[in-house]
Amino acid sequence: MGAKVSIIMGSDSDLSVMNQAKDILNELGVELELTIVSAHRTPQRLYEFAENAHKRGIEVVIAGAGGAAHLPGMVAAISPLPVIGVPVKSSNSIDGWDSVLSILQMPGGVPVATVALDGAKNAGILAAQIVSVQNPELRERIIAYKQKLTAQVEEKIAKLEA
Ligand code: RP5
């Protein structure tokens, strides 16, 4: 089976953050691809990616960028796929708000599902949840993941109250 989720980022300097999306998707057993697409430095590659991702079987795009973070919004402008935006606190971010607002404040008609600053893990989980709509086995793994979260907290409560 080919990749269902495409993880793209503006620069290899975003990789340590964006790898968190890759890790959780691997844990949940979702096929993914990961690469660099820069809205500003490789605009032609951005256009080709966004025009063709759905034709290759990709179901969700996770796009991460920092500073003047135009990548997620531009992919959403061109592609029919759901786009999850990850604001990255990068070397050219002032304090991270620039990245958050560049991705969050999209105009009507062109949504980007924006997660928290450096929130690539949640982007991966959300992408898996979208893919699971048509995949009952994946949905079961997501249910198990959520049960694991609950069990971890219950363990902490038991320790704290002991
Ligand atoms: C953005 O500029 C990238 O997504 C990255 O977060 C930031 C800095 O890129 P580099 O100068 O480190 O390549 O477009």
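A polar contact is taken here as a pair of N or O atoms within 3.5 Å; within protein, one atom must be able to donate a hydrogen and the other to accept it, and residues adjacent in sequence count only if both atoms are side-chain atoms. The model is predicted, so that local features need pLDDT of at least 70 and side-chain atom pairs count only at pLDDT 80 or more, while totals for chains, interfaces and linings use all residues. Residues are numbered from 1 along each chain as its sequence is written, and side-chain values use heavy atoms, with hydrogens and water left out.

A polar side-chain atom of S13 lies 2.7 Å from a ligand oxygen atom. For D14, the distance between a side-chain N or O atom and an oxygen atom of the ligand is 2.6 Å; for N92, the corresponding value is 3.5 Å. Of the 370 Å² of accessible area that the ligand has on its own, the protein covers 80% (Shrake-Rupley method, 1.4 Å probe).

The residues surrounding the ligand are G10, S11, S13, D14, R41, A65, G66, S90 and N92, each with a heavy atom within 4 Å of the ligand. This shell divides into 1 nonpolar, 6 polar and 2 charged residues; Ala, Val, Leu, Ile, Met, Phe, Trp, Tyr, Cys and Pro count as nonpolar, Asp, Glu, Lys and Arg as charged, and the others, Gly among them, as polar. The ligand sits in the largest pocket. A pocket is an open set of points on a 1 Å grid over the protein atoms alone, where a 1.4 Å probe fits, with protein on both sides within 12 Å along at least five of seven lines; a molecule sits in it if more than half of its atoms lie within 2 Å of its grid points.

S91 and S93 are both placed in the loop between strand 4 and helix 4, which span 83–88 and 97–104 (DSSP runs of at least two residues for strands, E, and at least four for helices, H or I, numbered from the N terminus). S91 counts as exposed because its relative accessibility is 78%, whereas S93, at 12%, counts as buried (buried under 20%, exposed over 50%, partly exposed in between; 1.4 Å probe, protein chains only). The side chains of S93 and S99 are joined by a polar contact of 3.0 Å. Between S91 and E31, the C-alpha to C-alpha distance is 30 Å, at a sequence separation of 60 residues.

D118 is found in the loop between strand 5 (113–114) and helix 5 (120–131). Its phi is near 60°, a positive value in a residue other than glycine. Most residues other than glycine have a negative phi. With 27% relative accessibility, D118 counts as partly exposed.

Methods
On a 1 Å grid over the protein atoms alone, a cavity is a set of points where a 1.4 Å probe fits but cannot get out, and a pocket is an open set with protein on both sides within 12 Å along at least five of seven lines; lining residues have an atom within 4 Å of a point.
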